[in-house]
Amino acid sequence: MEKKVIIIGGGLAGVEAAYQVSKRGIRVDLYEMRPQIMTEAHKTGFLGEMVCSNSLGSFSISSSSGLLKKELEMLDSFFLKVAKRNRVPAGNSFAVDRMKLAEQITYELKSMPNVNLINEEIKKFPKATIPVIIATGPLTSQNFSDNLTKITMRKNLFFYDATSPIINAESIDYNKVFHASRYNKGEADFINIPLNEEQYSNFVNDLINAEKVEIKNCEKNLFFEACLPVEEIAQRGEKSLSFGPMKPIGLIDPKTNKMLYAVVQLRQDDVKKNFYQLIGFQTRLKWGEQKRVLRKLPGLENAIFERYGRMHRNTYINAPLLIDKFYQSKLRKNLFFAGQICGVEGYVESINSGLIAGIFASKKILGKPLYSLPKQTATGALINYISQANWKDFKPTKFTFGLLPDIRVKKANKKIKKELKAKIAIESLDKWIKKANI
Ligand SMILES: Cc1cc2nc3c(=O)[nH]c(=O)nc-3n(C[C@H](O)[C@H](O)[C@H](O)COP(=O)(O)OP(=O)(O)OC[C@H]3O[C@@H](n4cnc5c(N)ncnc54)[C@H](O)[C@@H]3O)c2cc1C
């Protein structure tokens, strides 16, 4: 067998997989259709572009994304290494300059001796005589998804998700907003728009009554519970936003010295602080309506929108039916799936699945045994879940501590339990790394 792996899609998962394969001395043909053919969300031709939020979550190992990142670090994640060099201040969370990061990832990956980047859309499925990793993401091209259904032997499932608007920093009225982090933790990196009860109530009404982009009948009720459009949350009850993305907890208005009734928070989106993103404000309002409604917020009266929130397609396979615990197709053993298309959800999860698919595809080509990941690790729990969940109502999944096996400890609160689970995860992964010779 030729020592080569074909990777389709140079996004978060594809980039990580390419690095893992290449560093094991195996050649990689990495196909990326951009910039010739763009998706609805990507803005550049760079590899590894983060399309929406610039945050990779918390670093604390007792948070889900923190533990997953710790494991990525232990597994020598390329994406994480480059991301760390492109951090921007964001309190306790790990935010990056998305464009600089993507540019560096592209440069560094292209410079690796085994990586051959081919900017071309794959329309038909390649003959899998050598391992192929499909990492075409939630916005897989139409030609390829049509073709993929022949392999998956059932129609792809798909639904819509939503992104948050980005505002030009110079257009914000800083007399009406204030900089602070919740509970004054870390630097005062966030811009906060304080709202009193009346302003909040008017804003909720405006959101509910604004015009939305139509969704086709067959696509209704297909939102992620974890990523609902802001107007959808508003519709669920008068206070639901003030307990959700507009929660005021931990923030004091410097003018009144009182806790806020509600808040809209903005997070820095680039190193130069030119752009700020509304946190948790993914929306399917029509663009004109976004401008009209969001400009009613104090401080945003003259806001210039660098990007509007929008709806997007999300393609993914029915993982429990189609893949095993090595991210390998149950039907064609030389075929691997990675990233959002395989049913994981989120940036860190996509990088993680790309890394593992890259390792397993390499092991396979080198004739080495495949050892499954311990279910006590975040990485193992995620692949265990998506390969074994109920296929009848399978939905893309983020890693949460709930996916890890329960532990019984007397008198332990949730925080202590999480810390213990994290400790076990790290020890288990360490043993696996040694046993599987990673
Ligand atoms: C609009 C949007 C916003 C999101 N926002 C967030 C967020 O804020 N936070 C979060 O954690 N997650 C978010 N996600 C979910 C997910 O984490 C990201 O989509 C992530 O980039 C998925 O990684 P991936 O590698 O699977 O796909 P991608 O990063 O999208 O990479 C897939 C790549 O494949 C290429 N491609 C597609 N078809 C072909 C083809 N036929 N031939 C060659 N190349 C092809 C694409 O151009 C793309 O570069 C969002 C998803 C979308 C769609």
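**Note on the helix packing and domains**

1. Start with helix α1, residues 12–22. In this predicted model, α1 packs against α10 at an angle of about 30°. Their axes lie 7 Å apart. The crossing of these two helices is right-handed.

2. Which residues of α1 and α10 meet? From α1 come L12, A13, E16, A17, Q20 and V21. Facing them in α10 are Y347, S350, I351, G354, L355, G358, I359 and S362. Sorted by class, this contact of α1 with α10 holds eight nonpolar, five polar and one charged residues.

3. Now take helix α2, residues 64–74, and its approach to α10, residues 347–365. The axes of α2 and α10 come within 10 Å. They cross at roughly 30°. Angles under 35 degrees count as roughly parallel, so α2 is roughly parallel to α10. In which hand does α2 pass α10? The crossing is left-handed.

4. Look at the side of α2 that touches α10. S65, L68, K69 and L72 make the contact from α2. V348, E349, I351, N352 and L355 make it from α10. By class, the α2 contact with α10 has five nonpolar, two polar and two charged residues. Find I351 and L355 in the model: both belong to the contact with α2, and both also meet α1.

5. Step back to the whole chain. How is the chain divided? Domain 1 covers 4–159 + 315–435, and domain 2 covers 166–309. Their centres, taken over C-alpha atoms, are separated by 30 Å. The two domains do touch: 18 residues of domain 1 are in contact with 17 residues of domain 2.

6. Two backbone details deserve a look. The peptide bond from R34 to P35 is cis, and its omega is near 0°. Where does P35 lie? P35 sits in the loop between β2 (27–31) and β3 (55–58). The second detail is Y183. This residue is not a glycine, yet its phi is positive, at about 55°. Y183 belongs to the loop between β10 (178–179) and β11 (191–195).

7. Finally, check the confidence. The mean pLDDT of the chain is 90. A value of 70 or more is reached by 93% of the residues. Where does the pLDDT fall below 50? That happens over residues 217–222. Beyond near neighbours in sequence, this stretch has six contacts in the model. Where pLDDT is low, predicted coordinates should not be read in detail.

Conventions:
Residues are numbered from 1 along each chain as its sequence is written. This is a predicted model: local features need pLDDT of at least 70, side-chain atom pairs count only at pLDDT 80 or more; totals for chains, interfaces and linings use all residues. Side-chain values use heavy atoms; hydrogens and water are left out. Axes are lines fitted to C-alpha atoms, for helices over the stretch in contact, and angles run from 0 to 180 degrees between N-to-C directions. Helices (H or I, at least four residues) and strands (E, at least two) are DSSP runs, numbered from the N terminus. Angles under 35 degrees count as roughly parallel, over 145 as roughly antiparallel, 65 to 115 as roughly perpendicular and the rest as oblique. A crossing is left-handed if the near helix is turned anticlockwise from the far one by less than a right angle, and right-handed if clockwise. Contact means heavy atoms within 4.5 Å. Ala, Val, Leu, Ile, Met, Phe, Trp, Tyr, Cys and Pro count as nonpolar, Asp, Glu, Lys and Arg as charged, and the others, Gly among them, as polar. pLDDT is the predictor's confidence in each residue, from 0 to 100. Domain bounds come from an automatic or database domain assignment.
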